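Subject: Structure handover

Hello,

Here is the structure you will be working with. Please open it beside this message and follow along.

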Amino acid sequence: MSTQIGKQVDPPEQDSRTSIMNQVAKSDGHCNIPEPRSPVGIQSDVELRLKHNAALPVNSLPAELFLQVVHYDLHPFIEDGNSGYYSHVIGLSGVCSYWYKVIRDSPPIWTQIHSSGSPDTVGAALQRSSGHSLDIVINRVRDQEHIQLFINTILSHRSRWRSLVAYTASPWTSLLTTALDEPALNIEKLSLTDQETKSTNDEFDLFGGITPKLNDLTLNGVSARWDSEVVLGLKFIDLSYIKFPSTNTILDILSHSPQLQRAIVWRCTTASISTNSSYSIQLSQLSSLEIDLGSLEAIGNVLGSVKGSDRSSLSMRLHSGENFRGFFRSQVAGWTSNWNVTPPFQLGGLHLEIDTSDLRMEILSPRHPEPLILAIDGFLIEEDEFLEAFRFVVDTLVSWVEERSTIHLKLGYSPFEYPFSEDHTQSTFVDGFLRLPPITSLEISSLLQDNLADILVHEGASSVFQNVCALSFSHLEPYRWFDRLGWIVDTVRFIKTATESSLDEVDRKPKLQKVELRFSSPADLIRLESVEVAVKELEGVVGPGTVFVFNEDQALRL
């Protein structure tokens with residue numbers, strides 16, 4: 001959209017455009033930009049284009065509606081960490097005098113304060129934001145003089161900070177955190193990332209502990225005083241690459257935020273393990289907890305004291321060489337009690353997802369449309385460890401299901417090379433699927449050779465797929481998927497044949513009624529002619545009207 005807006009009304013001369021942009025950048029907010037004039041009675045090409053600009057429909061919009069269009073056009077730059085935000089604002093301002101005046105006099109446009117801007121640009125933005133709340137991003141720091149000047153500039157506006165997001169290298173992190181020593185009464189989000197530190201226990205007293213409105217805290221490679229009020233009453237917390245004094249510290253942080261909705265404690269370690277058994281932390285609004293403390297003992301120590309809601313999902317990271325078998329069993333048992341999940345489950349309630357780096361068990365509660373998730377990350381390790389975990393997941397699911405339950409199965413990358421190193425390994429893998437309830441929905445999220453679906457096809461495990469009614473190929477990449485079209489067609493044919501093998505002679509209605517191709521990239525990157533070829537080939541296998549194409553969950557029109 002931004003390109004289209006600019007092209008509609010671009011001034012014809014680059015020198016004129018540059019001159020206007022320079023004046024906009026240096027403006028104190030009150031100057032007027034002169035428009036070029038020609039001798040009386042003669043209209044220059046520039047003047048004609050200016051009249052044309054004024055007559056364009058977009059310039060007849062009320063200022064409020066025009067600003068909504070501008071905000072929409074600027075939104076991608078905000079999502080991208082404000083990269084290029086200033087240059088784009090200034091570029092829009094330089095299109096014509098009407099755009100310049102409207103944008104100049106709209107304070108919300110100037111509330112994005114980025115360290116990449118020149119001192120003049122940052123100063124103009126702070127002035128034009130006119131008392132509105134500020135969203136500050138520190139990134140691409142060049143040197144100490146650069147960051148020190150920027151910090152000094154924004155500190156005088158501390159009372160207006162709404163969010164502060166900083167990505168810095170180690171030399172500048174200390175400089176920044178030391179400057180954050182005074183209260184920030186209106187800040188709602190704080191995110192500090194040291195891009196070089198992999199573990200730290202240097203505690204900073206951020207804002208003197210006074211941030212009454214803070215509800216979203218991210219500290220990656222940056223450690224704070226954990227008894228500070230900064231970590232009280234949070235809704236979102238992300239703590240990574242930190243060495244905590246004890247698991248008690250983590251439990252204290254969680255207990256002080258009863259309204260917590262999402263928590264990440266990842267790639268962290270602890271100096272000691274809590275021996276305090278009195279913790280009982282109820283997080284009734286928690287949607288997900290991701291935890292990696294470097295050891296199973298530390299993870300188990302924290303999880304044993306935390307209870308989520310009936311919608312909470314739990315993700316853990318295991319490490320190669322650890323004895324996870326008993327731990328995995330105990331955590332599944334603890335998950336079903338602490339996280340309010342009670343077997344058996346109702347019809348269609350089970351989801352099983354297997355991917356290269358995790359083994360994921362999803363349980364769909366009858367009361368909610370979305371599945372709960374237990375994810376164990378770190379299975380890109382030995383075959384026997386993966387298969388042990390897989391076997392236990394199958395055992396657990398089989399013990400929980402009712403007679404009429406069905407499975408949605410999602411298969412991704414293979415966690416080990418195929419063929420397996422020993423014959424009994426592949427039989428264990430295939431037999432595990434055969435013990436599951438009927439698989440009625442199948443999603444294949446990897447098209448690489450020797451993905452998990454490919455292994456089952458190679459093994460001729462047709463009985464695994466005999467109840468599949470819906471089949472989808474997801475996360476298709478626009479430039480690579482077509483090279484695997486032959487494999488996609490062969491896989492669909494194999495699964496269709498498997499479903500037909502179980503049909504009753506009287507009722508021969510095909511079971512496989514839907515095949516989906518799902519892309520996750522912008523629509524303009526997808527070659528429709530290739531998609532049309534694929535649809536035609538697939539319909540030749542499963543029948544017309546059974547193949548559907550989606551892009552980011554939106555149906556793609558061919």
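Below is what was found in the structure, going from the whole chain to single residues.

Overall picture

Please keep in mind that this is a predicted model. The mean pLDDT of the protein is 79, and 73% of the residues reach at least 70. Where pLDDT is low, the predicted coordinates should not be read in detail.

The protein has 558 residues, of which 52% count as buried. Its secondary structure consists of 17 helices and 24 strands. Take the contacts between residues at least 6 apart in sequence: 72% of them join residues at least 24 apart.

Cores and cysteines

The largest nonpolar core contains 82 residues, and Ile113 and Leu219 have the most contacts inside it. There is also a second, separate core, made of 52 residues, including Phe386, Leu411, Leu512 and Phe519.

The structure has 0 disulfides. As for individual cysteines, Cys268 is buried because its relative accessibility is 2%, under the 20% cut-off. Cys469 has a relative accessible area of 32%, so it falls between the 20% and 50% limits and counts as partly exposed.

A pair of helices

Helix α10 (residues 247-255) packs against helix α11 (residues 296-303) at an angle of about 35°, and their axes are 10 Å apart. The crossing of α10 and α11 is right-handed. On the α10 side, the contact is made by Thr247, Ile250, Leu251 and Leu254, and on the α11 side by Ala298, Asn301 and Val302.

Thr499 belongs to helix α16, which covers residues 485-500. Is Thr499 buried or exposed? Its relative accessibility is 1%, so Thr499 counts as buried. Beyond its neighbours within four places in sequence, Thr499 touches Phe465, Gln466, Val468, Lys511 and Leu512. One of these, Leu512, is also a member of the second core.

Ser463 sits in the loop between α15 (452-458) and β21 (470-476). With a relative accessible area of 37%, Ser463 is partly exposed. Ser463 and Thr499 are 36 residues apart along the chain, yet 8.2 Å separates their C-alpha atoms.

Most residues other than glycine have a negative phi. Ser130 lies in the loop between α7 and β2 (134-138), and its relative accessibility of 49% makes it partly exposed. Helix α7 itself spans residues 119-128, and its buried residues are Thr121, Val122, Ala124, Ala125, Leu126 and Arg128.

Tyr241 is another residue other than glycine with a positive phi, near 55°. The position of Tyr241 is in the loop between β8 (236-240) and β9 (243-244). Tyr241 has a relative accessible area of 26%, so it counts as partly exposed.

Regards

Technical notes:
Residues numbered from 1 in each chain as written. Predicted model: local features only at pLDDT ≥ 70, side-chain atom pairs only at ≥ 80, totals over all residues. Heavy atoms only, no water. Disulfide = S-S within 2.5 Å. Buried < 20%, exposed > 50% of the residue type's maximum accessible area, 1.4 Å probe, protein only. Core = buried A, V, L, I, M, F, W, Y, C linked by side-chain atoms within 4.5 Å. pLDDT = per-residue confidence, 0-100. Helix = DSSP H or I, 4+ residues; strand = E, 2+ residues; numbered from the N terminus. Contact = heavy atoms within 4.5 Å. Axes fitted to C-alpha atoms, helices over the stretch in contact; angles between N-to-C directions. Left-handed = near helix turned anticlockwise from the far one by under 90°.
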